[in-house]
Amino acid sequence: MPDALVESAAVPAVEANFDGLVGPTHNYAGLAFGNVASARNADQASNPREAALQGLDKMQALAKLGLAQGVLPPQERPNLSALRALGYVGKEARVLEKVWHEAPGLLAAVSSASSMWTANAATVSPSADTADRKVHFTPANLCSNLHRSFEPETTSRVLRAVFEDATHFIHHAPLQSTPALGDEGAANHTRLCAEYGEAGLELFVYGQGSESEPAPENYPARQTRAACEAIARLHELDPARSLHLLQNPAVIDQGVFHNDVIAVGNREVLLYHQDAFHDVDALKRWLRTSWRGARAPVLIEVPREHVSVEDAIGSYLFNSQLVCTPDGRMHLVVAQECRENLKVWAEIERIVEAPDNPIVDALVFDLRQSMRNGGGPACLRLRVVLNEPERAAVNPMCWIDAAKLEALRDWVRTHYRDRLVLADLADPNLLDESRTALDLLTQILGLGSIYPFQR
């Protein structure tokens with residue numbers, strides 16, 4: 001690894017957030033084993049229209065703060081291609097009816113709108129960290145859950161359509177779809193740095209490692225060390241500036257299915273629960289020996305006496321977004337459930353009022369439609385650090401501005417239902433409505449033919 005990579009001067013860069021739009025089939029099927037909130041709300045009626053508009057409200061607010069805010073489209077659902085690959089033949093309406101009666105769980109899986117959580121879409125390494133000075137993308141294989149395992153192919157097409165310029169962007173194939181290489185994307189990856197445009201430190205957190213390491217007993221560990229190491233190699237990262245850290249298996253067994261449910265970082269700040277990591281001292285040693293830059297790392301540990309793991313999961317305190325505005329100030333973007341939990345809100349106030357960290361306030365959003373399905377503010381976005389030429393090379397129609405927001409809100413209000421129950425997934429009209437909406441969306445975002453029904 002060239003020394004120039006480590007010691008190179010920073011170039012102007014920003015951390016952009018690309019939020020996933022909630023899909024027209026947003027529903028509560030409780031498909032993700034180990035996701036406590038998802039299981040708790042299974043079979044309730046959902047409101048896809050409200051869910052999508054709540055997501056757009058958050059995008060608008062962050063764009064108004066001066067952040068680089070983009071948008072990514074949902075997947076085609078119901079996924080008829082997946083059903084046909086599993087042996088269902090005949091007219092589409094008949095296929096939906098047959099699956100609903102024979103295997104309703106399968107119909108729920110191929111209708112899941114879980115791609116809205118783009119923190120699971122891919123792992124991204126910025127050009128400041130990679131040997132070839134390009135931004136690297138590896139879509140997650142999401143092989144731990146059937147409903148998410150259908151996503152990588154379309155995710156790959158979406159990312160290539162948004163970040164198309166091969167001068168700046170490298171796209172890798174998802175890792176092989178096997179439990180030994182289970183990869184859940186950026187939800188288990190954090191980049192820390194003094195400045196976005198200089199070489200940073202990339203933290204990969206996993207739940208399944210070697211046989212000698214402790215492992216959860218109640219819920220599966222979705223992220224493997226082998227996957228993290230493979231991505232670090234593919235992205236040509238400096239091994240000295242990458243750390244593979246075991247998540248505390250005890251918190252996985254309490255419902256912390258991804259690291260972003262128990263820790264969040266941005267630039268020089270890492271906010272984490274006391275019980276987040278199996279060996280937090282290893283993390284601290286790595287930061288002491290590997291850190292470069294004028295700003296020193298800021299570790300904010302939330303004691304279990306202040307906030308229990310149960311309260312952290314219920315409020316998604318750590319599934320908040322930590323964002324840095326152009327003036328250098330940091331803001332914690334939290335779900336409304338954080339304010340409703342007295343212990344959690346008291347801890348947020350303590351963090352904001354502390355003089356030894358750059359977090360100045362908490363911005364509260366109503367994201368109940370997402371929260372009920374087990375995803376908070378951080379789940380909804382994929383972070384991509386971009387320097388000025390790279391930012392200019394992004395598909396310009398995928399950036400959020402006032403005109404794009406108006407177009408997307410009109411699109412949602414026109415094409416989305418305001419109530420959906422699981423039985424509605426068998427309605428062929430929902431399939432037609434979804435395809436009509438997605439076909440128009442690809443025009444609004446200038447994405448071309450990314451969906452199977454368009455190809």
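Arg435 is buried, with a relative accessible area of 17%, which falls under the 20% limit for that class. The model is predicted. Glu92, at 28% relative accessibility, counts as partly exposed. The side chains of Arg435 and Glu92 meet in a salt bridge, with 2.9 Å from N to O. This pair links distant parts of the chain, since Arg435 belongs to helix 18 (residues 428-444) and Glu92 to helix 5 (residues 92-102), 343 residues apart.

In total, the structure holds 24 salt bridges. Three of these pairs are listed below.

| Arg435 | Glu92 | 2.9 Å |

Arg191 lies in strand 6 (residues 189-192), whereas Asp129 sits in the loop between strand 3 (122-125) and strand 4 (135-139), so the pair ties together parts 62 residues apart in sequence. Both Arg191 and Asp129 are buried.

Arg417 and Asp427 are each found in the loop between helix 17 (402-415) and helix 18, 10 residues apart. Arg417 is buried, its relative accessible area being 19%, while Asp427 is partly exposed at 23%.

Salt bridges with shared partners also join Glu76, Glu92 and Arg435 into one network.

Technical notes. Residues numbered from 1 in each chain as written. Predicted model: local features only at pLDDT ≥ 70, side-chain atom pairs only at ≥ 80, totals over all residues. Heavy atoms only, no water. Salt bridge = Lys/Arg side-chain N within 4 Å of Asp/Glu carboxyl O. Helix = DSSP H or I, 4+ residues; strand = E, 2+ residues; numbered from the N terminus. Buried < 20%, exposed > 50% of the residue type's maximum accessible area, 1.4 Å probe, protein only.
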